[in-house]
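Please examine the structure below with the following explanation at hand. The paragraphs proceed from aromatic rings to the backbone, and then to strands and helices.

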Number of protein chains: 2
Amino acid sequence: MTHLTSQAGLHSLLKTVTCSLLVLIGASALQVAYAQNVAHPNLTVTQADIEAIRTQLSEVPGAQAALTSLRKKIDAVIALPMDVPVPQDAGGGYTHEQHKRNYQAMYEAGLLFQVTQDTTYLNFVRKMLLAYADLYPTLGIHPKPKEQTPGKLFWQSLNEAMWLVYTIQAYDSVASQLSAEDRTLIETNLLRPAASYLSAGQPQTFNKIHNHGTWAAAAVGMTGYVLNDQTLVKQALYGLDMSGDAGFLQQITQLFSPDGYYAEGPYYQRFALMPFVLFAKAIDVNQPELKIFEYQDQALLKAVRTSIQLSYNKLFFGINDAIKDKGIDTIELVHGIAIAYDITSDPALLAIAQRQNNILLTGYGFRVAQGLDQGLAQPFQYQSMQLRDGQAGDQGALAIFRNGIDHGHQALVMKNTSQGLGHGHFDKLHWLYFDNGNEIVSDYGAARFLNIEAKYGGHYLPENNTWAKQTVAHNTVVVDEQSHFDGDWQVGQKSAPEVRFFAVSDDIQITSASIAQAYPGTNLTRTMAMVKSASLEHPLIVDIFKVTSKSKHQYDLPLHFQGQLISHTISATAHTSKLEPLGKNNGYQYLWARAQGPIKPGMSQVTWLNENRFYTYSVLGGDDQQMIFTQLGANDPNFNLRSESALIRRVKSAKQHTYVSVLETHGEYNGTSEYTKNARSSVVELVASSAAGVDENIDVVTVTLVSGESFSLAVAEDSSSTAEHTLELNGKTFVWTGPYSLLTNTKN
Amino acid sequence: MTHLTSQAGLHSLLKTVTCSLLVLIGASALQVAYAQNVAHPNLTVTQADIEAIRTQLSEVPGAQAALTSLRKKIDAVIALPMDVPVPQDAGGGYTHEQHKRNYQAMYEAGLLFQVTQDTTYLNFVRKMLLAYADLYPTLGIHPKPKEQTPGKLFWQSLNEAMWLVYTIQAYDSVASQLSAEDRTLIETNLLRPAASYLSAGQPQTFNKIHNHGTWAAAAVGMTGYVLNDQTLVKQALYGLDMSGDAGFLQQITQLFSPDGYYAEGPYYQRFALMPFVLFAKAIDVNQPELKIFEYQDQALLKAVRTSIQLSYNKLFFGINDAIKDKGIDTIELVHGIAIAYDITSDPALLAIAQRQNNILLTGYGFRVAQGLDQGLAQPFQYQSMQLRDGQAGDQGALAIFRNGIDHGHQALVMKNTSQGLGHGHFDKLHWLYFDNGNEIVSDYGAARFLNIEAKYGGHYLPENNTWAKQTVAHNTVVVDEQSHFDGDWQVGQKSAPEVRFFAVSDDIQITSASIAQAYPGTNLTRTMAMVKSASLEHPLIVDIFKVTSKSKHQYDLPLHFQGQLISHTISATAHTSKLEPLGKNNGYQYLWARAQGPIKPGMSQVTWLNENRFYTYSVLGGDDQQMIFTQLGANDPNFNLRSESALIRRVKSAKQHTYVSVLETHGEYNGTSEYTKNARSSVVELVASSAAGVDENIDVVTVTLVSGESFSLAVAEDSSSTAEHTLELNGKTFVWTGPYSLLTNTKN
């Protein structure tokens, strides 16, 4: 342990670790000096994998191309002087990025060595591992440590764990070819201390049920397998005390819902998946008896599939803190899909791999290449579904409605999930809409320019808290210009929406949810449906948002839309020669009020154009509603925000209000061929009633189309699936069972 | 002539036509009752073409697919009730669009009949022609006539000519299968009167050297060939009086410059090309002795190729009135490229056809399909070039500098052309820059939502005149907030920029132009260069813009950029809580001033991100310059304008000023793989001097890079290519001949 105690920084950290654990680690370190008894590679890639690749490569053009491309990339890296710098910069800075490039290069060079037997790659990995083995013992805590979780090579231990996950795989690729002396040096000076630092050295993170904990568990556990150190493996699987209260298995159990949803949302789900699937693969190789991929009703495979379901046109739904250009082709999902395909042989996963267009030279990557070359891919079945949130599935849900599976299909996402911890947004009952390959009704995502140092060091911008997380940045009701839970995520964490019902049929897909805790004393209930009509090309979105309170409040319902405003029927006054912010706090300070006007009783419409298609938002007036046309960008001296547009429907003072809206997707603008079709909305009338006289707990919205067709959506306050309801409408009587009914041709 | 005199509307119009012409037309009409002596088709498609398609179709999968797809499209049209409505609506309205759909459908059904021999298509065309023959004699001038050039089926005769160009081709496809009775009816009641209306009926337009005149000439001439009416043909070729002063040949001569540039710019060049290439094809078939494609040094083939050179990543440069989504895949260029390929067999044209992805079932289209199926396509050689403007090539020029030919190559366009008539913008010495597949330094294009009725009926918006054409909407100097030529295009028409020099070599591509008439008493001289540097991945753009006047003025130099502002080094005051327009007139009223600050002496930089690449604009301070950050959208109550960003460098009061700027393309932001490279500019110093002491008529700009590399661009006032210049710089003496020199490593 001399190499440990010589480091003052780590030494002080270790004081927090219990003595018994130190003994345990010490014992295991002495037990196996280096990985002499294990045949390598045998971690995420096995000797059998390599054998298969080597013998069958010539028959798989896709893998050959990947090999050529990877050689070219790594050859270029090897041609440069090796650079293992003394840690200095924070995230995004030079040394940070260089250490990231290094672990990536070691991992890939290791694979290349295995596949090609070219010792150039072996020598590169060896030389770099030795350079790290030289450097690592000299390091204390990183000079720019991040909060409570510093690393040594990196500013935060999360990056250190990522480094070890890659590096241990690289080591596994070359270990059998290294001299005993090299191995002792690398294991003693580098791998063991790094694993030790990430486990015993930071028990809070290591034992945390959180993606940082998973990265640490994966790094430590994978190191345990390679170094044949059962203690490290057991700590990784069962927690530092090996009791099973923490560790990888608990993380699988607790971090994903029964439907494979990760509480922080798809952006972090993707990130979190990487250590899950890589470590699981290593477990499957080394301890197949654990049946890790069967564990908890196939929780990991479910999480991989769910992450694909959480995307539209390759990009993840941008809910919560999310960089919106992240999608299914990220490296985490390239590994995830390939590992899942390797286990399941599900041809739909091949379709995703095809879109990823990134063949890995691992065993599982090779089998994807084989599958693709054999033309086995089948379309991935994007589905309408409800993804329950929370470990027990009782913390709300994300509802996804889809109309088809093609590139341009319609998808509605209603966010009835729980807060999602510190990366969650204050956006209960929020929704998004996608069509024609684009995001149409949008979420701002995170306010962050990842890795762009000039933008706040590449970190989350201050505007992430002050704008992106705030309720007004979302498509849901804001009461009195305050955000949900008064903007406190820990308060938000306590109360998830209640899903009232969820149903999918040919004609209608519908869900309803409510929450009473976002604003104490005020209840929010929203019902959203995707309704098909015989006379329309695309389904309509119907939205009934009911706000009730005992006292009077101001209610705002924003709609953030992407596109160019084409026309509207509001008598609005435009602020043409002076713009001022709409408010002072909670995100309102960033909104310029561009125009404003009363929404008269009856239907008003706003139409915009996105790419080559029109979208018309038809809304009902009443309660002295105002329509405010806003543009983002006030109080933004550093140009940190995108200049996006929103419509805000404001009810100045009311105890209750029901917002009724219909979104229609219609027409085509064709610039190349110079024609425009159906630029006008087909919705000609919108009427809301409360089922006068018969059952006053039923909301009825009637939509009439230009074709003469009409339908009514009736939604009962009683969400019981067995309650029977009766409704008189236009002189007819309708009877049905359950919380809602779609009544067609209700008008004459 | 009874069918003519029965129409009151046309009758009154005909009063303007000279008596002798009426006699001429009458005579030719009597001479050939119907096209009985001509073997059809024999216009743009010949019997030999059809024979070739029929016998070889099975060997050309590309054409088979086109046939399947066209059948599907036309079968769907035929399945609907035929609709030949009484004209009623203006452009974009229902009857307007329906008549457009009809001529398109007749043309395509005619081709389908020829290729498939399926009489369903014959019957469809026949029935529709007869319906038009019924309708046409009942029509007077269109009820919503456009200005001085009304049509009968359409609001303007331009559309009527387009209708006839398509319809005469459709008739040519079916004429041989029609009864003598049908033919007489169609020719007498429809085709002859339409041709007559477009020629003798509107002599001003027909004889005009303008694209409207070309459409009319093509319609009339093609009708002449099909009806075997030599008078119509001669009028089309040589003008109404057949003197040769007007007509198609004059249009070829006068409308394109010696380099194939069309004065109105690429957007209208594309539009104008259609009648040129179709009529030329018909001439080539019927009067091959005219060698029409050889005419005027192959002017038409040159115009086709030039129109491709006027594009970047499939889209035309958006100069002058231009809808920016128009590009090389428009139908005009699909015909143009195919006809040009048919004549030249140039494999580079096939590469364009491949990108167009639209196979025509004409003879020339079929030969394109054959070429593509045989894999004959070769990359199109996009080139750096100067396209002289004006019939004699002496009305300025468009300079295009390119760095490569791939999808993402860099392209700089400097607009030193003439005004370009009524669709021209007030943008002398303006420039655009393209990179990475995107427009980076931009032109707003036209303010118009083509065919979108809600936006001012789909016409040019009022903002096209008040914003898009104004100088401040471009990247060139505005003096005293007035537009060039005081915004009068007829004044602008009189004075084109003088091109001082143009040169392309490996290291530098450079051009310089000046104009003294844009602002009386003020001279504008701009030199722009694309300079390669060994230490940079992409070339730098160097811009030296010299404004000199005898009296003091305010000078503004805008830069309209596309992207998200990342950082800048200006001490700017941001207007965070109130925005006001920058000015009152000439486009300034549309610009919100978002921030403003002094540009201190020395270099200042502004960096923005577009997609995954960074762009840094390095500018020199001095003369109390201010940098104004603007955003478009003030005084825009109808949301007619896109919300775009610009930087304006303002010199409040000076007799002269030289704007020195360098634009660097650098780095990479990779969201998927989470890395950022070279986000900072490599330009570390920018110095301007006037070659102190040695030769005061030389401007020298020295750029120093972070690599230590430096270069100086020296530009002499004397643009003679033989003048010798001497320059002392940093203690060294440089001697060269010609107007400029790129001096490398000028610093120690």
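Predicted model: local features only at pLDDT ≥ 70, side-chain atom pairs only at ≥ 80, totals over all residues.

**A guided reading of the model**

In chain A, one aromatic cluster is formed by A:Tyr225, A:Phe248, A:Phe256, A:Tyr262, A:Phe276 and A:Phe279.

Over all chains, the count comes to 43 aromatic pairs. One of them is formed by B:Phe501 and B:Tyr740, whose centres are 5.6 Å apart and whose planes are 15 degrees apart. The pair counts as stacked because planes under 30 degrees apart are given that name. It links distant parts of the chain: B:Phe501 belongs to strand E9 (residues 498–504) of chain B, B:Tyr740 belongs to strand E27 (residues 740–744) of chain B, and the two are 239 residues apart. Is B:Phe501 buried or exposed? Its relative accessibility is 8%, so B:Phe501 counts as buried.

In chain A, the charged end of A:Arg270 sits over the ring of A:Tyr267, at 4.6 Å from the ring centre. In chain B, B:Arg270 lies over the face of B:Tyr267, and here the distance from the ring centre is 4.5 Å.

The backbone deserves attention next. Most residues other than glycine have a negative phi, and most peptide bonds are trans. Against this background, the peptide bond that joins A:His40 and A:Pro41 is cis, with omega at about -5 degrees. A:Pro41 lies in the loop between helix H3 (19–31) and helix H4 (47–56) of chain A. In chain B, a cis peptide bond runs from B:His40 to B:Pro41, with omega near -5 degrees. The place of B:Pro41 is the loop between helix H3 (19–31) and helix H4 (47–56) of chain B.

A:Phe639 is not a glycine, yet its phi is positive, at about 55 degrees. This residue is located in the loop between strand E18 (625–632) and strand E19 (645–666) of chain A. With a relative accessible area of 10%, A:Phe639 is buried. B:Asp624 is likewise not a glycine and has a positive phi, of about 50 degrees. It occurs in the loop between strand E17 (613–620) and strand E18 (625–632) of chain B. B:Asp624 is exposed, and its relative accessible area is 70%.

Strands of a sheet pair through backbone hydrogen bonds, either parallel or antiparallel. In chain B, four strands form an open sheet in the order E22-E23-E24-E27, with antiparallel pairing. At the edges are strand E22 (683–689) and E27 of chain B, each of which pairs on one side only. On average, neighbouring strands of this sheet are turned by 15 degrees against each other, direction ignored. Six bridges connect E22(B) with strand E23 (residues 698–705) of chain B in the antiparallel sense. The bridge partner of B:Val687 in E23(B) is B:Thr702.

Finally, consider two helices of chain B. The axes of helix H16 (residues 331–344) and helix H18 (residues 363–373) of chain B come within 8 Å and cross at roughly 75 degrees. H16(B) is therefore roughly perpendicular to H18(B). Which residues meet here? From H16(B) they are B:His335, B:Ala338, B:Ile339, B:Tyr341 and B:Asp342, and from H18(B) they are B:Tyr364, B:Gly365, B:Arg367, B:Val368 and B:Gly371.

Methods:
Residues numbered from 1 in each chain as written. Chains lettered and ligands numbered in written order. Heavy atoms only, no water. Buried < 20%, exposed > 50% of the residue type's maximum accessible area, 1.4 Å probe, protein only. Phe/Tyr/Trp six-rings, centres within 6.5 Å; stacked < 30°, edge-to-face > 60°. Lys NZ or Arg CZ within 6 Å of the ring centre and 35° of its normal. Pairing = 2+ DSSP bridges. Axes fitted to C-alpha atoms, helices over the stretch in contact; angles between N-to-C directions. Parallel < 35°, antiparallel > 145°, perpendicular 65-115°, else oblique. Contact = heavy atoms within 4.5 Å.
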